[in-house]
Amino acid sequence: MTKLNIAVSSCLLGSEVRFNGGHKRHRWLTDVLSQYADFTSFCPEVAIGMGIPRNPIRLIQTDVGIKAVDSVNLVDDYTAPLQDYAESVVPQLKDMDGYVLMQGSPSCGMERVKLYSEKMIPEKNASGIYAEVIQRELPFLPIEESGRLTDPNLVENFVQRLFVYQAWRREQPWQSAKGLIDFHARQKYLLMMHDYPTYKSLGQLLSDLSDKEKLPAIGDTYLQQLMAALKKVPKRGQRVNVMQHVLGYFKQKLSEKEKASIRRSIEQYQARQVPFIVPISLLKHYTHLHGDEFPYLMQQTFLNPYPEELGLRNPI
Ligand code: SF4
């Protein structure tokens, strides 16, 4: 397995770079994901020359847009330096498979950062100044923030996107019509689970790939829609629906008893009695057992979205 390349807010890796000289080490990143990823850390506030310790900054809504100012003197304005720094790291981030940002930070926060009125009343939420530029410039990049990586569904969703995006970057399927078609074929059941209409519309997008010149642009559109679809956390019914599709492959292959046991575990998952990993493990088991006859199924990302050792797919 090729390790993922992931950008991370420095304080989440334990660096003491916060305004108060502390850190916000995120154990799942440093103890679990680190086995499958190489991290590159970024602290935009330190990078633009703010010291440690320093006054915290806050976001203020002004007539000319959102500003990041020193929360004590309300004068020092760090907006432009943070934006310029973000622009400067965009080329480096094109070599990354994802980004984990520190929640709530006026610089790094992905969303829901407190936004104050000019009378200093917290009225709305916004993205941090640095994070806003990164998200705008790299709309395909899987990005999550630390606070959300405690929810098993969101963790699974993020990890899945990391590995799909890594495969896209490594394989460069937009180089040929066959590449795009093969890549899409492998995402079939994963996409169906997350967003069936997008699965259909992406199939239409790839229906005419005769003009080689247009492939990179088609690839960009494909990637944008694919990553947006995978961001949606699938509902239980969507997962059940796809598992039933997969079970359909074994109609002639398995005994009635075997099929009944798979059906039973899907029903138990539907009734919240067992986690997703139970029926999916059974389906994987039989897919591997009869892999030679089901090459299309064998290659599905849905069945192998990330290393099993990560221990995901446990949400009841
Ligand atoms: S949230 Fe961002 S700017 Fe603040 S300390 Fe962490 S890495 Fe630095």
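Biologist: What should I know about the model before I start?

Modeller: It is a predicted model, where local features need pLDDT of at least 70, side-chain atom pairs count only at pLDDT 80 or more, and totals for chains, interfaces and linings use all residues. Residues are numbered from 1 along each chain as its sequence is written, and side-chain values use heavy atoms, with hydrogens and water left out.

Biologist: How many helices and strands does the protein have?

Modeller: Helices (H or I, at least four residues) and strands (E, at least two) are DSSP runs, numbered from the N terminus. Here there are 13 helices and eight strands. The C-alpha trace spans about 75 × 50 × 35 Å along its principal axes.

Biologist: What share of the 316 residues counts as buried?

Modeller: Buried means under 20% relative accessible area, exposed means over 50%, and partly exposed lies in between (1.4 Å probe, protein chains only). In this protein, 49% of the 316 residues count as buried.

Biologist: And how do I read contacts?

Modeller: Contact means heavy atoms within 4.5 Å. Among contacts with a separation of 6 or more, 66% join residues 24 or more positions apart.

Biologist: What span should helix H3 have?

Modeller: The expected span of a helix is 1.5 Å times one less than its number of residues. H3 (residues 79-93) has 15 residues and should therefore span 21 Å; its end C-alpha atoms are 20 Å apart, which agrees. Its buried residues are Thr79, Leu82, Tyr85, Ala86, Val89, Val90 and Leu93.

Biologist: Which residues does Leu82 contact, beyond its neighbours within four places in sequence?

Modeller: Leu82 has 0% relative accessibility and so counts as buried. Its contacts are Pro44, Glu45, Ile48, Ile57, Ala68, Ser107, Ile129 and Tyr130. Leu82 and Pro44 are 38 residues apart in sequence, yet 6.5 Å apart C-alpha to C-alpha.

Biologist: Where is Leu138 found?

Modeller: Look in the loop between helix H4 (129-137) and strand S8 (143-145). With 11% relative accessibility, Leu138 counts as buried. Leaving aside neighbours within four places in sequence, Leu138 is in contact with Val90, Leu93 and Lys94. Its C-alpha atom is 9.8 Å from that of Pro91, 47 residues away along the chain.

Biologist: How do I describe two packed helices?

Modeller: Two packed helices are described by the angle between their axes and the distance between the axes. The axes are lines fitted to C-alpha atoms, for helices over the stretch in contact, and angles run from 0 to 180 degrees between N-to-C directions. H5 (residues 152-171) and H6 (residues 177-186) pack at about 165°, with axes 12 Å apart. Angles under 35 degrees count as roughly parallel, over 145 as roughly antiparallel, 65 to 115 as roughly perpendicular and the rest as oblique. H5 and H6 are therefore roughly antiparallel. Val164, Ala167, Trp168 and Glu171 of H5 meet Leu180, Phe183 and Arg186 of H6.

Biologist: What covers the buried residues of H12?

Modeller: The buried residues in H12 are Pro279, Ile280, Leu283, Lys284, Tyr286 and Thr287. Their cover includes helix H10 (236-248), helix H11 (256-270) and helix H13 (295-298).
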